[in-house]
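Thanks for coming. I have one structure to show today, and I will go from the overall fold down to a single residue.

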Amino acid sequence: MFEYHIDFHGQNKAEQITQGVISAFGVIGFLVGLTLQDIRLSMYIFAAGIVVTLLLVVPAWPYLNRNPVQWLPSREKALAQESSKGKGKSD
């Protein structure tokens, strides 16, 4: 369906954002709920934090793929390229 790419640094950044935003909204929701004695409002604030986190992290935004990994080619592909180069030299 959709293919998303996030590099290793982006995964670390996404984890930090997730923990920070959810923790902040959790503390704010707890304090507001405690002050106003309203558990429903506390849960709404925490749910808003989860939605904000999802919008910041779940789509593969470009800021999460700034350091893409350059993988080595497979052995089969490397051998095929070497053999095709070798055939051109013998002519």
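**Overall fold**

The protein has three helices and zero strands, where helices (H or I, at least four residues) and strands (E, at least two) are DSSP runs numbered from the N terminus. Along the sequence the pattern reads α-α-α. This is a predicted model, where local features need pLDDT of at least 70, side-chain atom pairs count only at pLDDT 80 or more, and totals for chains, interfaces and linings use all residues. Residues are numbered from 1 along each chain as its sequence is written, and side-chain values use heavy atoms, with hydrogens and water left out.

On dimensions, the C-alpha trace spans about 85 × 25 × 20 Å along its principal axes. The radius of gyration is 24 Å, whereas a compact globule of 91 residues would be near 12 Å; that is taken over C-alpha atoms, and the globule rule is 2.2 Å times the number of residues to the power 0.38.

Buried residues make up 13% of the 91 residues. Buried means under 20% relative accessible area, exposed over 50%, partly exposed in between, with a 1.4 Å probe and protein chains only.

Thr53 sits in helix H2, residues 39-57. Is Thr53 buried or exposed? Thr53 is buried, at a relative accessible area of 6%. A polar atom of its side chain lies 2.8 Å from the backbone oxygen of Gly49. Neighbours within four places in sequence aside, Thr53 is in contact (heavy atoms within 4.5 Å) with Thr18, Val21, Ile22 and Val58.

Conventions:
A polar contact is a pair of N or O atoms within 3.5 Å; within protein, one must be able to donate a hydrogen and the other to accept it, and residues adjacent in sequence count only if both atoms are side-chain atoms.
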